[in-house]
Every structure is written in structure tokens, then in C-alpha cells.
Amino acid sequence: MWRAPESPRWLISKNRHDEALHILKQIRPAERAQKEYDDISTLIKIEAGNKYSAQSTFATIVKTPWILKILLVGITWAALQQTTGVNVIMYYGTEILSAAGFSERTSLICNVLNGVFSVGGMLIGVLFLVDRFKRKTIIIYGFAIMATLHLIIAAVDYTLVGDLKATAIWLLGALFVGVMQGSMGFIYLGGISRTVPAEIPRTVDGDLGIFHVDHERGGQLSVPAAAGKTGPWASLLYLRRH
């Protein structure tokens with residue numbers, strides 16, 4: 001990274017035009033590099049005259065209600081995504097499956113398969129669901145299915161025993177991960193940034209990312225203590241409600 005050159009866009013914004021064009025010519029044919037340089041220069045001039053660029057990001061958010069609304073919706077969405085409990089399964093899946101009755105080796109294998117279900121669910125969402133249903137519909141139905149799976153998993157944890165219990169918990173947990181990634185996961189990752197228009201400072205996206213990561217870390221730190229007191233799946237239900 002220390003040897004990586006500055007981006008042409010940043011160099012042009014700092015009036016270091018010759019350096020920007022030189023870098024572009026290193027990765028593009030000369031004619032294409034010149035065209036891209038002209039496009040970037042034009043875009044920077046347009047943005048300089050934009051009413052939002054003259055304000056600080058904080059001032060833009062506070063003074064523009066619809067931008068503030070986007071930020072609040074994004075924060076809420078990030079919180080809902082994390083409180084589904086999906087990262088609890090992804091990060092603590094081995095411990096959860098061991099507590100359910102699997103051996104350490106089997107728990108590791110099944111936790112890897114959880115990742116397969118995660119990728120599969122996202123592919124189904126991206127390739128099939130998103131073009132056939134409204135995003136709001138996908139989120140509502142996905143959240144309802146996940147809530148139902150939580151209740152079923154908790155019931156299995158308290159009623160079944162032995163290998164049947166462990167197998168049922170793993171299958172339901174893997175299905176839960178797939179549903180989450182196929183309904184909320186890909187929509188959040190790709191959807192929020194699309195709701196912020198290009199003329200708005202990109203820091204709004206950064207704010208959403210910070211809230212997303214903070215909430216994720218909070219869930220990670222809460223799980224061990226909650227699981228120690230209530231059991232692995234009861235702790236999932238608790239974290240989901242809170």
C-alpha cells in the first residue's frame with residue numbers, strides 16, 4: 001500500500017493534473033487515459049458547483065430532512081440485520097453445535113456448511129428473488145420466516161435430545177442463515193448505498209458502515225455471556241428481541 005499511487009481523482013482535485021494523467025497512462029492506453037482524465041475533471045467541476053458540496057457532511061445531514069431520513073433508515077436496517085442472530089451462528093456456530101450434542105470435528109464441518117448455505121441463500125436472492133418481488137416484500141417475509149425458525153429452534157433445544165436434537169438444530173440453523181442472506185443480507189449490502197444520491201457526500205455511506213460494524217461487534221461481545229446464562233438458542237432469542 002505504501003507504494004500504491006494516489007488516485008487520479010484525488011490528484012486532480014488537488015490541482016496535480018500532470019501526475020493524475022501520468023498515472024492514468026500507466027494503466028490505460030494514451031487515448032483512453034486522456035478521455036478518462038477529461039471525464040474526471042468535468043465531474044469534479046460539476047461537484048464543486050453542487051449545493052451540497054459547499055456544506056460539511058454533518059451540516060448536510062442535519063439541514064436536509066430527507067438525507068437524515070435515509071441515514072436513520074439505514075441505521076435501523078443495520079440494527080435489524082444484526083439482531084437477527086445470523087452472525088451469532090457464523091461466529092459461534094461450532095460452540096453452539098457442540099452444546100447441541102455434536103463432536104468437535106462434526107461441529108467444525110457443519111459450521112463450514114453453514115457458510116455454504118449463506119452463499120447459496122444470497123445467490124438465490126440475487127439471481128431469483130430480487131427481480132421478481134419488491135424489496136420490502138422480500139424483507140418482511142424473510143424476517144417472518146427467520147422469527148419462526150428461531151421459535152422452532154428454541155423448541156427443539158428444549159424438547160429433543162441426542163443426535164436427533166443436534167441434527168435438527170444444525171439443519172434449522174443452516175436454513176436460517178440461508179433465509180437471512182437471501183432476504184435481508186444482500187439487500188442491505190447493495191441497497192442502502194443506492195438510496196444515497198451521487199451528489200450527497202459519501203460520508204453518509206461511511207456513517208452507515210460504522211453503525212453496522214458497531215452493532216455487529218456488540219452482538220459478538222454479548223453472545224458468550226448470554227449463552228452462559230440462558231443456553232445457546234435462548235440467547236439468540238434474547239439478542240434478537242433486543
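Okay, quick ground rules. Numbering runs from 1 along each chain as its sequence is written, and the side-chain values use heavy atoms, with hydrogens and water left out. Since the model is predicted, local features need pLDDT of at least 70 and side-chain atom pairs count only at 80 or more, while totals for chains, interfaces and linings use all residues.

Let's start with α6 (residues 86-100) and α7 (residues 104-129). Helices here are DSSP runs of H or I, at least four residues, numbered from the N terminus, and strands are runs of E, at least two. The pair packs at about 145°, axes 8 Å apart; axes are lines fitted to C-alpha atoms over the stretch in contact, and angles run from 0 to 180 degrees between N-to-C directions.

Who's touching whom? On the α6 side you've got Gly-93 and Leu-97, among others, and α7 brings residues including Leu-108 and Asn-111. Contact means heavy atoms within 4.5 Å. By class, that's five nonpolar, eight polar and one charged, with Gly counted as polar and Cys as nonpolar.

Now, Ile-138. It sits in helix α8, residues 135-159, and it's buried at 7% relative accessible area, where buried means under 20% with a 1.4 Å probe, protein chains only. Its C-alpha is 7.6 Å from that of Met-184, 46 residues apart along the chain.

In the model, 70-92 is 87% helix with end C-alpha atoms 32 Å apart, and 137-156 is 100% helix, ends 29 Å apart.

Note on methods:
Buried means under 20% relative accessible area, exposed over 50%, partly exposed in between (1.4 Å probe, protein chains only).
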